[in-house]
Amino acid sequence: MEIDKLKKAIKELPEEEAKSLLFHVLLRMNLLRETEYSEKEFVSDIENIYDMVFDRSRERAEMSQEGNFQMIHILFGDSPAGSLKYALKEMGVSKEEKVISFWDMFSVGPIWRLHEKAGQEARFGFMQKVMNDENDDFRDYQKKFYETINQIISIPEDVPITIWVAENSHEQTGLRYVLHLLKIKINDIKVINSTKMAAEKFNRPDIEYIAIKTGEIIPEKLQVIYEESKSSASMSKDERKALEDEWIDLAETEETLRVWQNEKIKSVSEDYYDQYMINMAKKLQIERERVKEHEEFMKSARLIGEVIGHLDQYMGDEFFEYRLRKLIEKGVFEMEGNLKAMRYYSVRFPL
């Protein structure tokens, strides 16, 4: 019976997870009483929490049966994870090596005490505003976030771990967060800097390309990088401790945006790139006038695409679309269309 499965799943919950789930239930009860949060939303959220209990029980069971895995790979994003899975399959080791990935953008949003429930709730509140949630992606994002944490803390201690990171604030912040989650683990951990490895292996005197994110590297090159990295040393205790300490410092910051400068994570204000976006819009406006485009408004997707295409950082389009909406609210831009999704509206400077 399902009630027996539920009892078993609850009994298996670690204390911190049980407290977390109880917090989420009571939080939603409070929202129901004191805000415009509806009964329909309450029921939907409780159903998600109910399913989450079974999901975590299933994941723990799967991890306990995965003792034959020879390696766990951790990456930050679905694109690099997909590429690595393809590479491992081509190498014939996909059944022996597991890939775990975070579906998140750690360069964006608060990370204040993200290793605690209060910090996670603060992040979710911010990210719900950032996501122009046309397809109800936020619920999936929240669910996958917890699933990934559970997968990481459930890794058996005798299985080595490889963490893939590029030279950007998203993956570098994620690295420090994951090392904090693993701080009581004794696993052998190796970090592959995909940006540096790709440059060392594939740049030539006449061709130089800097991969600012792991997802830019094709599977065939990831395979070469992985093979090459097998002879490199694992992290020492001092190296792990240094990055874990960096996480503690980061987790006390309250900024909602991070950039990668001089091989360090720098916390900056949320409006850090607003003027950059405005300048890009002015440049596009001049180009549009030169070719005599008839439309007075430019597609928001075009502006955001140009902003991302010329940026040497990795932020994702959702953040810039969020900031564009903020600039519209401030009157910096006029808009026509519907703000429910980027493809539905266009912008221009006020006449």
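A salt bridge is a side-chain nitrogen of Lys or Arg within 4 Å of a carboxyl oxygen of Asp or Glu. Side chains of opposite charge can pair when their charged atoms come close. Welcome to this predicted model, which holds 14 salt bridges. Here is a short tour of some of them.

**A pair inside a helix**
- Arg240 and Glu244 form a salt bridge, and their closest N and O atoms lie 3.9 Å apart.
- These two residues sit 4 residues apart in helix α10, so about one helical turn separates Arg240 from Glu244.
- Are Arg240 and Glu244 buried or exposed? Both of them are buried.

- Glu252 pairs with Arg113 in a salt bridge whose closest N and O atoms are 3.4 Å apart.
- This pair connects distant parts of the chain, as Glu252 and Arg113 are 139 residues apart.
- Glu252 lies in the loop between α10 (237–250) and β5 (257–261), while Arg113 lies in the loop between β2 (97–102) and α5 (117–130).
- Glu252 has a relative accessible area of 44%, so this residue is partly exposed.
- Arg113 is also partly exposed, with a relative accessibility of 31%.

**A pair with partly exposed partners**
- Glu227 forms a salt bridge with Lys230, with 3.4 Å between the closest N and O atoms.
- Glu227 counts as partly exposed because its relative accessibility is 39%.
- Lys230 counts as partly exposed too, at 45% relative accessibility.

Key. Residues are numbered from 1 along each chain as its sequence is written. This is a predicted model: local features need pLDDT of at least 70, side-chain atom pairs count only at pLDDT 80 or more; totals for chains, interfaces and linings use all residues. Side-chain values use heavy atoms; hydrogens and water are left out. Buried means under 20% relative accessible area, exposed over 50%, partly exposed in between (1.4 Å probe, protein chains only).
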